[in-house]
Amino acid sequence: MRTILILIKKEFLQVFRNPLLMSILIVAPMVQFMIFPFCADYEIKVLDIAFIDHDGSRITQDIIHSFDASDIFVSHGIIQNKKDAEKMIQHDKIDILVEFPNQFEEDLMNGEATRIAITANAINTTKAGIGVGYTQEIIGGYMQKFQEDNMFIASEEQIPARLNLSYIYWYNEQMNYKNLIVPGILVILVTLIGCYVTALNLVREKEIGTIEQVNVTPIRRWQFLIGKMIPFWILGMVEFIMGLFIMKLVFGITVQGSIPMLLGITAIYLLVMLGLGFFISSVSENQLQAMFIVLFLFIIFVLLSGLFTPTEGMPQWAHYTNYLNPMSFYMEVIKKVVLKGSAFVSVQTETIVLSVMAVIVNTGAILSYQEKSK
Amino acid sequence: MAALTIQKVNKVYNKTVHALQDITFEIQEGELFGLVGPDGAGKSTLFNILTTLLLPDSGDIQILGMDLINDYKQVRQEIGYLPGTFSLYPDLSVKENLDFFAVMYKSDIEANMDLIRPIWRQIEPFSKRKAGKLSGGMKQKLALCCALIHRPKILFLDEPTTGVDPVSRKEFWEILQTIRTQGITVLVSTPYMDEATLCDRIALIQNGKILGIDTPEAIIEHFKGTLYTFKSANIFSLLEALKRCPLQCNYYPYGEHCHIAFYEDMETAMPQFLQFLEDNQQEHGDIEPIRPSIEDCFIEIVKMNRHE
């Protein structure tokens, strides 16, 4: 017991005396929290639009003006030449181009079929899709109003049935991407502290040779690993709690579910990550190697975890791979508990899986830690 | 009684590098034993094996009546190890390092203070300083304190004086002598031949083989040739010329002198040698007979081994 206590004390002394590590532990997560959610944002805030008007009638003018009323669209007005308009799309000056044909008003008044061409720059497919949708919505809205105002020109049966789609986004009512990204960052933070910092710490002892000096003492390897784990486990929990505070204070996201339960599952997840960190450090010769392995795993974990893209859209093999990805289970837990306020029943599978992973990874870490080399 | 018995220990790295070949020797209790050899001779490999950090490929090692390989846990409690490179925590203070290793060995600083006091007294004024900020000599003394804090029965020191200034080296060897008086068996390795004479017995090691084991005096006693030293204006041209020397001799630069060991009857050989130098237009200072040093002996033994 005395042995483990002095190992923990030693680790904390070293952490607090390492200015670089301290700033990584405190400043980096804060900065990440403050910057990342604002960048990783799928919301379309601005759409640049321009028009080609071959008709030049009152109706087309009205439609064009109706875009001015929108918060999202920035109108670049009417372009005379189609070539110029295409160039603008190529140069990324406009996202959407709306083209009214000849005799648009006339055909409309006569009740004949007429077409509006909507061209979108699909380099960013999300933006193009959303842009075309918004454009259709505005034009459709205008047409509906127009038809209602001009009942005389259309017979009863020509009026399309009024169908209003209204969206309600559950658990994220404003469809605010921050609500998804911020808890995701919390996951990344805990993962980084757990895996990265511990892997680098142990490998550094290898590099400066202190591990040999410790290995010639009668201390047992599990004692050594526990003495290493507890300090970083505490640090990880402190980081997580700090993250929860930032989430509340800066982004106004309150944990919907039970906080003690969230802390409990985070503690288990941290154990998985700590064990993984130690495993990596025992197979690495130096900090550089350890860093590459962590980075490699980390990117796979993040991409598969469903933080940036929904897991539902992934191919089957990705789903299977995800069964090995502790981060995806933990991400599920965070989403469910933080946003939905789920009770333990709905996260118990994830908790069990993470616990099993913790046992396996840590056993592997202890076994792979060589106190004697061959 | 033998504190350490090593029998036929072999270690091969990567299936090609034969780091240790049939190493066999004994160290008596209370002995100050020196392992002398150039870089790459296998000294550190042997130390890593003896300190339970590395497993030998074959061979048997008995340490204080225990089997080194099977009873390594008990062995660790009884040995102290000072590695070749400074490997204490540079970001912990002097005192914190000592405390840390005392607990690691389940030992008590106060109880063993009498053993380390002579060394500790010198570093105590810096006890709050970070170990990484100490001077080289001070680091070494701290490392020694940490290696002795559990009162080991055998102390292993891997090149403790490599890269240390002459004054600190001398001081360090004085400390080793006092440690020995406490009944601790000491095994020390060094590339410096002059330090070898300070040991009770030495083993000469090269290319993973023990070339000879004896007291320094006996090793010098067994020098086979007749050794002379002289100065030359141009050592390089002298050495070139000596390649053509018909006499049975072994020559090498030694500091600013040239040492030459003859394996001939000197009454007839010396005039021949002088004639040879004259014929080859080599200017030289007085050629004086000299008592061989350990280094001379080492060179001779290496040479003889090569011829065998």
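What percentage of the 374 residues in chain A is made up of buried residues? Buried residues account for 46% of them, where buried means under 20% relative accessible area, exposed over 50% and partly exposed in between (1.4 Å probe, protein chains only). This is a predicted model, in which local features need pLDDT of at least 70, side-chain atom pairs count only at pLDDT 80 or more, and totals for chains, interfaces and linings use all residues. Residues are numbered from 1 along each chain as its sequence is written, chains are lettered from A and ligands numbered from 1 in the order in which they are written, and side-chain values use heavy atoms, with hydrogens and water left out.

**Chain A**

- Chain A holds 14 helices and four strands; these are DSSP runs, numbered from the N terminus (helices H or I, at least four residues; strands E, at least two).
- Of the contacts in chain A with a separation of 6 or more, 77% join residues 24 or more positions apart; contact means heavy atoms within 4.5 Å.
- Chain A has an accessible surface of about 19,400 Å², by the Shrake-Rupley method with a 1.4 Å probe. Carbon and sulfur atoms hold 63% of that surface.

**Interface of chain B and chain A**

- Chain B brings 32 residues to the contact, and chain A brings 26 residues.
- About 3,000 Å² is buried between the two chains; buried area is the accessible area (1.4 Å probe) that two parts lose on being put together, summed over both. Carbon and sulfur atoms give 59% of it.
- Leu53(B), Tyr89(B) and Met104(B) supply 22% of the area that chain B buries against chain A, more than any other three residues.

- Glu96(B) pairs with Arg17(A) in a salt bridge, at 2.7 Å from N to O.
- Helix H2 (72–78) and helix H3 (94–104) of chain B are the elements that give two or more residues to the side touching chain A.
- H3(B) gives the most to that side, with six residues.

**Asp60(B)**

- Asp60(B) sits in strand E4 (residues 58–63) of chain B.
- Asp60(B) is partly exposed, at a relative accessible area of 30%.
- Beyond its neighbours within four places in sequence, Asp60(B) is in contact with Thr5(B), Ile6(B), Gln7(B), Val9(B) and Asp67(B).
- Gln74(B) is 14 residues from Asp60(B) in sequence and 17 Å away in space, C-alpha to C-alpha.

Technical notes:
A salt bridge is a side-chain nitrogen of Lys or Arg within 4 Å of a carboxyl oxygen of Asp or Glu.
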